[in-house]
Amino acid sequence: MKTAMKKLLPVAASLVTLISASAFADYEVAIAGPMTGEYASAGEQIRKGAEMAIADINAKGGVLGQKLKLEIGDDACDPKQAVSVANAMVNKHIVFMHGHWCSSSTIPASEIYNEAQIPMATVSTNPKVTERGLKNIFRIMGRDDQQGEIGGKFLASKFANKKIAVVDDKSAYGKGLADEIAEGMGSKKPVLRESITAGEKDYSGLVSKLKAAGVEVMAYGGYHTEVALILRQAQQAGLKLQVLGGDTLSNNEIVGASGGNADAVMFTFAPDSRKNPEAADVVKRFRDAKVEPDGYVLYAYAAFQLFQQAATQAKTVKYTDLQKALAGGTFNTVVGKLSFDAKGDLKSPGFVVYQWKGNQYDVLK
Amino acid sequence: MGQFIQQLINGLTLGAVYGLIALGYTMVYGIIGMINFAHGDVYMVSAIMAVTFITLLSALGISSVPLMLVLVLVIVIALTSVYGWTVERTAYRPLRNSTRLAPLISAIGMSIFLQNMVQITQGARVKPVPTLLPGSLELFTANGFTVHLAYTQILIVLVTVALLIGFTALITRTSFGRQQRACEQDRTMTALLGINVDRTISLTFMLGAALAAVAGVMVTVYYGVVDFSIGFVAGIKAFTAAVLGGIGSLPGAMLGGLIIGMIESFWSAYLSPEYKDVATFVILILVLMFRPSGLLGRPEVEKV
């Protein structure tokens, strides 16, 4: 009995070390965004996309033979909370970050990831995100100056004879985008330039102001929840208003929240990846799992495809090699082929103007 | 002129809602001298319940809007009062005789708890309801600006006025009102006279919650969108209204609510929607500088 124990002991011990070794060798990757708070629905999209991506990657053997483990950080789109999330993620020794979502969170948090040498892929669109010379940031979405220019030009040509107001919600994303749209409108000048406070319920003051100025079209930099409220209140005040905004208005919450006025909403967004033939299989599996892969779901999925391919190329997850692979490579993802310029911006970003119709959005021709 | 009248209407509606929530703050402060920070979240819970019951009742085939509104109001008021009672019973009564700070902290804890509870059980997405009372009266047109008075705005103002009349009668004419005012003045003495102080305090909490429930239903009908985070901003605004009017004073809370509603409404229409909160708080500071106990508040007299 005793000898049997003695013989088994080293085996047991080596088993234990094996288990713990593999547990420690799992690669921790992370997402961060508004999992709670007003924009929690976007956080949910990111989480759903990331979870599916991680499950798929792990089912195919993981990255470099190691399984991925997903950490989720909640910044509630609050810059202060974003910084503490970033610090917590650094302490968890993550090797890759997809996030954050709000530009105002991504900007401060990225400094911390940069210092800790963690590469990140973000969908934040404010130009400043990649303008600070940080080498660890890769943006898998276009920039606000690109979408603002397209939105502004569209407004100026389509609504040449109508009065246009430009409104923002004072956030880094919203104000940046609104400024870019106003600039993109060129010689067509907005009749009003206003800011509101996000998170409130009553925008009747803004609505009266728009109405008194005879505004028919509002360019809006900000998130969908406020647009929905403004539209409802405009309807109550007898104002027919059309809205053009950015990528965040692709959230389907706007349909119910605007009380049947969503058809008046247009927005710029990257070409719809759900129609991408290479994404067909993934899209189908999302729908089978009762998740509509709209908005940021596929971007989150693509972020981890990006990580998996870059790490495979670099044959390591060490920052210097991984960063080099990300910066130099071209990656096949569900949102199309991705490659980055020297700043970390997409080489060929595209923006298209969409319009809501019923509970679907489609390209506006 | 048209815009002025329109903003007057909008401000009145907004102020009525703030006032209804502010009454809950001021009543609780009056009776136990603490700020019930969870009050804004009780209001949020009632708004979420309103969405649930509006959806449920329309699924059950009730299409008459007045009937639906009355039913929703009754159900939500009843359930929210239970919330008010539970909050008081679990978070404040056990701390009745501890330091002043303890219930304050437990109120903040309660507020976070309610918010997270709704977020987890109901999800984080905004909850829309279809417009129940669509349409508005076109009052008149001046300089090409047509003034609209939405039916929901009429509803809110009427319900608020009716509630205020009933509420004033309750406080000034019933025996519960006398007990409530007695507790406000001197709890020990009231208890010595054989009045159940704990019960009176519980009822006050339930009453405050009921008023918040009315506000919650009105807001749901008016704005059509609620989510788990609306309690915070509304709570802060209503608390400001209560302080502005003089915390502890019931007419003061309503007056404070109306003033804040008007300031916000006119400031955002004529100046900039961006800085309307600055305007509100500047006026609050000015009032408190010259009348530290608020517009209608009585200064606290040290009893000897």
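Two strands count as paired if DSSP finds at least two bridges between them. In this predicted model, 7 strands of chain A form an open sheet of mixed pairing, ordered β7-β6-β8-β9-β10-β13-β14. β7 (192-195) and β14 (360-363) of chain A each have a single partner strand, so one side of each is left without a neighbour in the sheet. On average, neighbouring strands of this sheet are turned by 25° against each other, direction ignored.

Within the sheet, β10 (residues 265-269) and β13 (residues 352-357) of chain A are antiparallel and share 4 bridges. A:F269 stands opposite A:V352 in β13(A). Helix α5 (residues 144-158) of chain A packs on the sheet, touching β6, β8, β9, β10 and β13 of chain A, and its direction makes about 140° with that of β10(A). Helix α6 (residues 172-184) of chain A lies across β6, β7, β8 and β9 of chain A, at about 160° to β6(A).

The whole structure holds 33 salt bridges over all chains. The table lists some of them.

| Salt bridge | N to O distance |
|---|---|
| A:E131 and A:K343 | 3.1 Å |
| A:D179 and A:K175 | 3.1 Å |
| A:K275 and A:D272 | 3.9 Å |

A:E131 and A:K343 meet in a salt bridge; they lie 212 residues apart, A:E131 in the loop between β4 and β5 of chain A and A:K343 in the loop between β12 and β13 of chain A. Both belong to a network of salt bridges that also links A:R139, A:R143, A:D145 and A:D345. A:D179 and A:K175 are 4 residues apart in helix α6 of chain A, so about one helical turn separates them. A:K275 is exposed at 54% relative accessibility, whereas A:D272 is buried at 16%.

Key:
Residues numbered from 1 in each chain as written. Chains lettered and ligands numbered in written order. Predicted model: local features only at pLDDT ≥ 70, side-chain atom pairs only at ≥ 80, totals over all residues. Heavy atoms only, no water. Helix = DSSP H or I, 4+ residues; strand = E, 2+ residues; numbered from the N terminus. Axes fitted to C-alpha atoms, helices over the stretch in contact; angles between N-to-C directions. Contact = heavy atoms within 4.5 Å. Salt bridge = Lys/Arg side-chain N within 4 Å of Asp/Glu carboxyl O. Buried < 20%, exposed > 50% of the residue type's maximum accessible area, 1.4 Å probe, protein only.
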